[in-house]
Amino acid sequence: MKNNIYLIRHGQTTWNRAGRLQGQADSPLTLLGTQQVEAIGKKLKEIIGTKKYSVWSSPLGRTKQTTSIICDETNFNYENVVFDKRLVEITLGDRDGYKSWKALFKDFPKDMARREKDPWNFSHPNGESSQMVWERVRPFIEKIVNLEGIHVVVTHGVVSKIIRGMYLNLSPEEIFSLDRPQNAFHKLQNGKVEKIEVELP
Amino acid sequence: MKKLGPIYLIRHGETVWNRAARLQGHKDTPLTLKGIKQARSLGFALRKVLKNKTPSFFYSSPIGRAKQTATIISDIIDFDVEKMEYKSSLKEITFGDWDGLNMQEILAQYKTSWEKRKSDRWNTSPPNGESFQEAKQRITPILNEIAIQQDVVIVAHGSLNKIIRGCWCSLSDSETLALDEPQDGFYCLVNGNREYFVSA
């Protein structure tokens, strides 16, 4: 059975640019963010050509904005996108939208010390741990890798890392060290992950 | 109402539901690629009109498609997005139960209320929605504030922008209803109850 996943993170948002933590809070794509996504869409069209494919997307604002552009660049009908809640970003709970990582260390030293000890199982108050995200994403990925054909998945930084980690059987430490680019996307095929970079106009 | 201006009054770019001819109201869909390109063109046209000056105030509706458009425009005119003010009174008119429906669906499910509203669009609201008159009332206080500011950018919506233009130019209700809702340019509201169109 042939299966092939293209894993895309949303383009740069205003909070990405400002260093603000998003989690399940949301901000719109910047001008640069829209250009990144356009470039990714064009590259994807080049690769997929006229072959049939499915599109799966996180239902948060920034991923919907990204998915809409990808659909138009690749001539995919947005009405046929499957929005799946399991693809939403890790939530930092009470810290969603917090002004910066640096501020978290300064304002919540106890939480951050706890994180240091066991980052994989750490969660902010009312938030999710990486392990919890792993568990909600796993049934989605297990479904997708067992579907024939090409699948475009539009999601978020942390979720993208966890999906690649799951696909490659990586350890938590290895997953933390993965990148989460916005000027590139990843191809998952035959147990391998390939990074595909795009050029901005 | 005392009016200074100029106010640069902009509608969001084309969305998925604009393209599909669905009413949006308070519901939302993202901009299409065409809509993204319109937003960029609107930004460049505005930058030209502003002659690279930064506007004093930038207001946006808090609905997704308006924020998305406003963000692209603010990047192009170098306005710090942190200083943008989101005003809930700038939200689109809600069509209530019709939000998200297309014409065919409205006529199939709400023929009576559609006919009723058609006979007096200004004063009649869709089921659980807002009339133009109600929207005018909610927009009036903020418009009074904004009207005495200079170099103001507003990013909002089709029906709502018509009401703002109607107030600015002192138009009658029926004249206001007959205004257009372009996405390939914006209106510049200036002193003397006047407006002019800037093509993008």
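**Two chains and their contact**

Across the interface of chain A and chain B there are seven residue pairs in polar contact, both residues of each pair being at pLDDT 80 or more. The model is a predicted one. On the side of chain A that touches chain B, the elements giving two or more residues are helix 1 (14-18), helix 2 (31-48) and helix 3 (61-74) of chain A. Helix 3 of chain A supplies the largest share of that side, six residues. Sorted by class, the side of chain A that touches chain B holds six nonpolar, six polar and seven charged residues.

The contact draws 19 residues from chain A and 19 residues from chain B. Between them the two chains bury about 1,600 Å², and 56% of this lies on carbon and sulfur atoms. Three salt bridges are also found across the interface of chain A and chain B. In a salt bridge with an N to O distance of 3.0 Å, the side chain of Arg17(A) meets that of Asp75(B). A network of salt bridges links Glu38(A), Lys42(A), Glu73(A) and Arg40(B).

Helix 3 of chain A can be looked at by itself. It has 14 residues and spans 20 Å from its first C-alpha to its last, close to the 20 Å expected at 1.5 Å a residue. Is this helix largely enclosed by the rest of the structure, or largely open? Of the 14 residues of helix 3 of chain A, 12 are buried, so the helix is largely enclosed by the rest of the structure. Among the buried residues are Arg62(A), Ile69(A), Ile70(A), Cys71(A) and Glu73(A). Just after the helix, Asn75(A) takes a positive phi of about 55°.

Salt bridges also occur within each chain. Over all chains, a search of the whole structure finds 25 salt bridges. Side chains of opposite charge can pair when their charged atoms come close. In chain A, Arg164(A) pairs with Asp179(A), their closest N and O atoms lying 2.9 Å apart. Arg164(A) belongs to helix 7 (residues 157-167) of chain A and Asp179(A) to the loop between helix 8 (172-176) and strand 5 (184-189) of chain A, so the pair ties together parts that are 15 residues apart in sequence. Arg164(A) is buried, at 2% relative accessibility, whereas Asp179(A) is partly exposed, with a relative accessible area of 28%. Another salt bridge joins the side chains of Asp107(A) and Lys99(A), at 3.9 Å from N to O. Asp107(A) is partly exposed at 32% relative accessibility, and Lys99(A) counts as partly exposed at 49%.

In chain B, the side chains of Glu115(B) and Lys111(B) form a salt bridge of 3.5 Å, N to O. Both residues lie in helix 4 (residues 103-119) of chain B, four residues apart, about one turn of the helix. An α-helix has 3.6 residues a turn, so residues three or four places apart point the same way. Glu115(B) is partly exposed at 36% relative accessibility, and Lys111(B) is partly exposed with a relative accessible area of 47%.

A last stop in chain B is Gln149(B), placed in the loop between helix 5 (132-147) and strand 4 (152-156) of that chain. Gln149(B) counts as buried because its relative accessibility is 15%, under the 20% limit. Apart from neighbours within four places in sequence, Gln149(B) is in contact with Leu4(B), Gly5(B), Phe57(B) and Tyr59(B). With Tyr59(B), the side chain of Gln149(B) makes a side-chain polar contact of 2.8 Å.

Key:
Residues are numbered from 1 along each chain as its sequence is written. Chains are lettered from A and ligands numbered from 1 in the order in which they are written. This is a predicted model: local features need pLDDT of at least 70, side-chain atom pairs count only at pLDDT 80 or more; totals for chains, interfaces and linings use all residues. Side-chain values use heavy atoms; hydrogens and water are left out. Buried means under 20% relative accessible area, exposed over 50%, partly exposed in between (1.4 Å probe, protein chains only). A polar contact is a pair of N or O atoms within 3.5 Å; within protein, one must be able to donate a hydrogen and the other to accept it, and residues adjacent in sequence count only if both atoms are side-chain atoms. Contact means heavy atoms within 4.5 Å. Buried area is the accessible area (1.4 Å probe) that two parts lose on being put together, summed over both. A salt bridge is a side-chain nitrogen of Lys or Arg within 4 Å of a carboxyl oxygen of Asp or Glu. Ala, Val, Leu, Ile, Met, Phe, Trp, Tyr, Cys and Pro count as nonpolar, Asp, Glu, Lys and Arg as charged, and the others, Gly among them, as polar. The expected span of a helix is 1.5 Å times one less than its number of residues.
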